[in-house]
Amino acid sequence: MTNTLGLLREAFAAAGVTGRLHALDIDSGAEVDAGADQPVVTASVHKLCLLVTLHEQAAAGVLDLTEQAECPAEGRTPGPTGLAAMLDPVRMSLRDIAFLMMSVSDNTAADLLLERVGLDAVNATTARLGLERTHATHAFRELLATVKEDAGPGGAQALADPHVVARLRALDPARTNRSTPRDMTRLLRAVWRDEACAPEHGAAIRRVLGLQVWPHRMASGFPFDDVHVAGKTGSLPTLRNEVGVIEYPDGGRYAVAVFTRAAGTAAILPAADAVIGTAARIAVDALRAQPARATHQGTG
């Protein structure tokens, strides 16, 4: 394991980032810990907590996933994808809104669902699942508003200035939505073992996680037709994150959470994206090399 940690440190350093990682064999409980209990900013990774809450409420009969919600053209949470980037009024079901939230990380979709279930409910769900260091402080609209306010009159261009980035509340785990890598793999394990929700809802969550469109982070470390990666990314200035589950054809399944912060402020840093896949692969290879690895044939 010492060699694994050395490889992870080298990979993060070569990419110009600091990294925190936890990887967990979902069935045997074997793990790789590289700062797994350090507090981290979740950014859009927290949408996974919201998705689980949505399905928990559906299972309890609090809401119907086919319920239709209105999304007017005005007042949408900013974002480059999904409803956030659309121009006209939209009406769609809660479960289709959840699909946009997870597959393309649609901020407007996330806030529509938060308006329906409530921030307190999200925190109650993570508390119920034993995620003691995971907390949602604000909706995504409010999170982005803090970035705009802290950036000041320079706007988005000011985010290239390291001094401006250093004062962003959105990058401080004590003042924004937060978790730890270990909490996130614990959540993923609960979803894959049908311990977070009833089995039909667990299956729905796994399906949506498998439909994420971004291949440049965790999935880049597993370029194989017979290895399935399901996950959720998160991004803010200098931050690039992803949590997910990698499933092998022999039944091995591994929850991995990788949170990084770049030294540079450039918005486009391919090496910083790719190291998430590299680090996940290093950790999963280490878990698969353990002789007593237990496997599970298929996912429910």
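H2 passes H9 in a right-handed crossing, a crossing being right-handed if the near helix is turned clockwise from the far one by less than a right angle, and left-handed if anticlockwise. The contact (heavy atoms within 4.5 Å) is made by Leu48, Leu51, Val52, His55, Ala58 and Ala59 of H2 together with His201, Ala204, Ile205 and Leu209 of H9, and these residues divide into eight nonpolar, two polar and no charged. The model is predicted, with local features needing pLDDT of at least 70 and side-chain atom pairs counting only at pLDDT 80 or more, while totals for chains, interfaces and linings use all residues. Residues are numbered from 1 along each chain as its sequence is written, and side-chain values use heavy atoms, without hydrogens and water.

| Pair | Angle | Axes |
|---|---|---|
| H2 (residues 47–59) and H9 (residues 199–209) | about 150 degrees | 10 Å apart |
| H3 (residues 94–103) and H4 (residues 107–117) | roughly 135 degrees | within 8 Å |

H3 is therefore oblique to H4, and H3 passes H4 in a left-handed crossing. Their contact involves Leu94, Ile97, Ala98, Leu100 and Met101 of H3 and Ala109, Ala110, Leu112, Leu113 and Arg116 of H4, which divide into nine nonpolar, no polar and one charged.

Technical notes: Axes are lines fitted to C-alpha atoms, for helices over the stretch in contact, and angles run from 0 to 180 degrees between N-to-C directions. Helices (H or I, at least four residues) and strands (E, at least two) are DSSP runs, numbered from the N terminus. Ala, Val, Leu, Ile, Met, Phe, Trp, Tyr, Cys and Pro count as nonpolar, Asp, Glu, Lys and Arg as charged, and the others, Gly among them, as polar. Angles under 35 degrees count as roughly parallel, over 145 as roughly antiparallel, 65 to 115 as roughly perpendicular and the rest as oblique.
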